[in-house]
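Take a look at the chain below. We will walk through its strands, then step back to view the whole.

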Amino acid sequence: MRNEAGFNRQVWCKVPVQISGKELIAQTQSITVGMNLLVIGFLNSERSQNGLNQLVLHTEQIEFID
C-alpha cells in the first residue's frame, strides 16, 4: 500500500524471473512457496510470444533471507 497524492493505492507487480547457469539453477532447487529471497540482477524489456513487451528480471545472485 502506498500513498499517492493523498490517496492510498494498492501496488503490486508480477515480473518473470530468468535464471541461467548451473550454480543459480542448483540454488533454486531448495526454494519453496513463502520463502523470503533477495534476487539481484537486471531488468530487461523482452517481447513475449504474443508480441507484447514485458519486463524480465535476469538473476545474477540469489540470497536466502531468514
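This is a predicted model: local features need pLDDT of at least 70, side-chain atom pairs count only at pLDDT 80 or more; totals for chains, interfaces and linings use all residues.

Strand β3 covers residues 17-18, and strand β5 covers residues 53-65. The two pair in the parallel sense, over 2 bridges.

Now turn to β4, which runs over residues 36-47. β4 pairs with β5 in the antiparallel sense, over 12 bridges. Two positions show this pairing. V39 has I62 in β5 as its bridge partner. N44 stands opposite V56 in β5. β4 and β5 form a hairpin, with 5 residues between them. In the turn, G51 has a positive phi of about 90°.

What holds such strands side by side? Strands of a sheet pair through backbone hydrogen bonds, either parallel or antiparallel.

The order β3-β5-β4 makes an open sheet of 3 strands, with mixed pairing. β3 and β4 each have a single partner strand, so they stand at the edges and one side of each is left without a neighbour in the sheet.

Next, pick out T59 in strand β5. Is T59 buried or exposed? Its relative accessible area is 9%, so T59 is buried, because buried means under 20%. Which residues does T59 touch? Leaving aside residues up to four places away in sequence, T59 touches V17, Q18, I19, L24, V39, I40 and G41.

Some of the surface is nonpolar. V17, M35, L37, V39 and F64 make a nonpolar surface patch of about 350 Å². Look at M35 in this patch. M35 lies in the loop between α1, residues 22-28, and β4. Its relative accessibility is 33%, so M35 counts as partly exposed.

Now step back to the whole chain. The protein chain has 1 helix and 5 strands. From the N terminus on, its elements run β-β-β-α-β-β. The radius of gyration is 15 Å, well over the 11 Å that the globule rule gives for 66 residues, so the chain is more spread out than a compact globule. Along its principal axes, the C-alpha trace spans about 45 × 40 × 20 Å.

How much of the chain is buried? Of the 66 residues, 9% count as buried. The accessible surface comes to about 5800 Å², and 52% of that belongs to carbon and sulfur atoms. Among contacts with a separation of 6 or more, 46% come from residues 24 or more positions apart.

Technical notes. Residues are numbered from 1 along each chain as its sequence is written. Side-chain values use heavy atoms; hydrogens and water are left out. Patches are made of residues with over 30% relative accessible area and no salt bridge: like charges are joined within 9 Å, nonpolar side chains (Val, Leu, Ile, Met, Phe, Trp, Tyr) within 5 Å. Accessible areas come from the Shrake-Rupley method with a 1.4 Å probe; for residues, only the protein chains shown count as cover. A salt bridge is a side-chain nitrogen of Lys or Arg within 4 Å of a carboxyl oxygen of Asp or Glu. Helices (H or I, at least four residues) and strands (E, at least two) are DSSP runs, numbered from the N terminus. Buried means under 20% relative accessible area, exposed over 50%, partly exposed in between (1.4 Å probe, protein chains only). Two strands pair if DSSP finds at least two bridges between them. Contact means heavy atoms within 4.5 Å. The radius of gyration is taken over C-alpha atoms; the globule rule is 2.2 Å times the number of residues to the power 0.38.
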